[in-house]
Structures are given as structure tokens and as C-alpha cells.
Amino acid sequence: MKITGSIFAAMLTPFDQNEEISTKGIAPLIDYILSKGVDGLYVGGSSGEAMLQSCEERSLVLKEVAKHAADKSSLIAHVGAASTKEAVALTKIAGSNGYHAVSAVPPFYYKHAFDDIADYYKAIADASNLPLIIYNIPALSGTDIPTEKLQQLMEDDRIIGVKFTAPDLFQFAQLRKSLPSKSFYFGTDEMFLAASATGTDGGIGSTYNLIGDVYVGIQAAVKNGDMQLARNLQQKSNTLVEILLETGVLPGLKHALNRLDIPVGPCRRPFSKPSAQAIAKLNQWVDNNLTN
Ligand code: MN9
């Protein structure tokens with residue numbers, strides 16, 4: 001089983017000034033993202049600040065995004081949670097709202113035995129008819145599933161691939177080689193060219209909210225063998241990421257979108273506002289690269 005498309009924005013969640021979910025901010029953000037040629041949306045993951053939201057809020061976001069985008073974009077719902085119960089509840093919402101796949105980080109906070117993690121993924125797979133993509137992001141989830149264990153999890157036909165957000169391109173290549181029927185989506189935006197050159201089915205990342213065309217372009221350039229163009233595009237991404245590391249990735253992306261009149265509001269605390277110095281750099285980058 002495969003899902004349509006290869007380049008997915010790890011969609012941000014618009015908030016209002018009181019840090020409440022802004023349902024009216026959802027459509028303009030989706031329209032902007034899709035205008036850049038991105039194939040689909042990965043909803044309610046790390047970039048969506050889902051781990052700062054209640055299960056009810058996450059359900060609301062999944063439903064509102066589907067209302068606006070189900071007929072025009074490929075949709076992956078991130079349903080990973082600390083408890084299997086919550087992940088299953090979110091999977092059911094995705095299953096009844098037109099999503100094309102679900103994805104989940106391993107259960108977080110507590111350190112679980114591998115068998116318990118495997119049971120969690122099985123419960124998610126059982127909860128709907130949707131294909132499941134494992135979200136491997138050890139730096140944030142706290143769980144680094146070793147290569148053999150990932151291979152073991154993927155023996156289940158319903159698990160169709162991995163969103164791989166880590167810098168280890170050796171592990172990435174080993175997984176790809178041993179699992180040729182599965183799909184791999186690379187999630188470290190500043191290394192997307194390297195993953196494309198290694199061979200990836202696509203990418204899912206936070207900066208795709210702002211510059212999705214860059215990753216569409218890298219993928220096409222690598223396919224056409226135009227490495228110089230691919231490098232130039234990766235350099236554009238990297239210049240942005242360098243500034244975002246100063247602003248904070250999510251607060252910076254939201255600031256940039258607000259500056260382009262896409263009303264996504266602030267991040268939810270404890271994310272804080274970027275420093276004036278970092279904002280000045282980001283404003284200049286946005287004005288030079290994204291405004292006409
Ligand atoms: O999975 C994101 N990773 C994290 C996606 O949030 C850790 C990436 O898109 C990064 O935000 C991006 C910038 O470092 O590569």
C-alpha cells in the first residue's frame with residue numbers, strides 16, 4: 001500500500017493571541033502551503049505543537065484540516081501519544097474524517113520495553129483501515145528504535161513506512177535496502193538533498209510550511225541529475241534553518257508566515273518569542289526571498 005504524493009508539510013497549528021486554536025487560521029495556511037506545490041499535509045505532529053494540546057484539541061485540528069483539505073491534498077494524521085488509549089482515539093478520528101494514513105511517534109515520557117511499543121503500534125493499526133507510518137524522531141521522542149527493531153515492526157503489512165527525522169543517513173540507507181517495499185520520508189530539512197541523493201520516497205518537514213517549493217525542487221533536480229540546482233536549493237533551505245535555530249524553529253516559522261499575512265499567531269508557551277536580533281535577521285530573509 002502507498003499514499004499519494006511525496007512532499008508533505010509538517011503542518012503548524014494556528015493559534016490566536018490567547019494561545020487557543022484558531023480554526024479560522026487553518027484554511028489560509030493550507031492554501032499557502034499547497035500553493036507552493038506540496039503534495040500533502042502531515043497534521044498534528046511535532047511542528048503542529050500537538051504535544052502541547054489536549055486530545056480534544058488534537059481531534060478538532062484533525063477535523064478542521066480535513067474539512068478544508070481532504071478533497072485537494074494527501075493527508076496524514078499524526079496520532080502518537082503517551083498512552084495507547086489516546087493514540088487509538090485519534091486514529092479513529094482520522095479514520096472517519098478522510099485521512100489517507102496515520103503516523104505515530106513511539107509512546108513518550110516513560111521508557112517502555114520494545115514489546116510494549118510494538119503493542120502500541122499494533123493497537124493503532126487495528127483501530128482503523130488506514131496505513132501506518134512510524135515516526136522516528138529520537139531527539140524529541142526520547143526513544144531511538146534500533147534498525148533491527150524497526151525492521152521487526154515493519155513485518156506488519158499495515159505499517160507502510162517511516163518518517164525518518166534523524167541525521168543518520170547510514171541507518172536510513174540500511175533500512176531502505178532491507179525494506180524495499182516500504183516508503184521512507186526524510187524529516188531533517190537541512191539534509192534533504194543528501195537523503196534524496198541516497199534515495200528517499202519523499203520528505204516531511206516543518207520548513208515546508210514556508211518554502212515547500214524548495215523541497216519539491218530538490219527532489220526534481222536530483223531526479224533530473226541537476227546537482228548544482230539541488231545544491232543551490234538546499235543552500236536556500238539551510239540559510240533559513242540557520243536563522244530559525246536562532247529564533248526557535250516553530251516560533252520563527254510562525255513569525256515568517258504572519259509577516260506574509262498568513263495568520264498563524266504565536267506558539268503555545270513554554271515556546272517563547274524570538275529575540276529582536278533574531279527577528280531582524282528573519283525579517284530580512286523573508287523580505288529578500290519570499291515577498292514580490
Ligand atoms: O520532523 C522537523 N524536526 C524537528 C521535522 O522538529 C526536530 C524538521 O522539519 C526540523 O524542524 C527542520 C529544522 O531543523 O529540519
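Reader: On what basis are the values computed?

Author: The model is predicted, so that local features need pLDDT of at least 70 and side-chain atom pairs count only at pLDDT 80 or more, while totals for chains, interfaces and linings use all residues. Residues are numbered from 1 along each chain as its sequence is written, and side-chain values use heavy atoms, with hydrogens and water left out.

Reader: In which pocket or cavity does the ligand sit?

Author: On a 1 Å grid over the protein atoms alone, a cavity is a set of points where a 1.4 Å probe fits but cannot get out, and a pocket is an open set with protein on both sides within 12 Å along at least five of seven lines; lining residues have an atom within 4 Å of a point. A molecule sits in one of these if more than half of its atoms lie within 2 Å of its grid points. By this criterion the ligand sits in the largest pocket.

Reader: Which element gives the largest share of the lining of the largest pocket?

Author: The largest pocket holds about 840 Å³ of space, where a volume is the space filled by probe spheres set on grid points joined across faces, edges and corners. Its lining has 34 residues, and Ser 46, Tyr 135, Ile 137, Leu 140 and Thr 165 lie nearest its centre. Two or more lining residues come from each of α5 (138-141), α10 (227-247) and α11; helices (H or I, at least four residues) and strands (E, at least two) are DSSP runs, numbered from the N terminus. The largest share, four residues, comes from α5.

Reader: What is the distance from the ligand to the side chain of Glu 190?

Author: Polar contacts are pairs of N or O atoms within 3.5 Å; within protein, one must be able to donate a hydrogen and the other to accept it, and residues adjacent in sequence count only if both atoms are side-chain atoms. An oxygen atom of the ligand lies 2.8 Å from an N or O atom in the side chain of Lys 163, and a backbone N or O atom of Gly 187 is 3.5 Å from a ligand oxygen atom. For an N or O atom in the side chain of Glu 190, the distance to an oxygen atom of the ligand is 2.6 Å.

Reader: How many residues line the second largest pocket?

Author: The second largest pocket has about 290 Å³ of space. α11 gives the most to its lining, with four residues. Gly 265, Pro 266, Cys 267, Lys 273 and Pro 274 are the closest to its centre, and the lining residues number 15.

Reader: Which helix gives the most to the lining of the largest cavity?

Author: The structure holds one cavity of 30 Å³ or more, and the largest cavity has a volume of about 50 Å³. Among the residues that line the largest cavity are Arg 58, Val 61, Leu 62 and His 78. With three residues, the most comes from helix α2 (residues 55-69).

Reader: Which residues does the cis peptide bond join?

Author: Most residues other than glycine have a negative phi, and most peptide bonds are trans. Glu 49, not a glycine, has a positive phi of about 55° and is placed in the loop between β2 (40-43) and α2. Pro 270 lies in the loop between α11 (249-259) and α12 (276-289). With omega at about 10°, the cis peptide bond joins Arg 269 and Pro 270.
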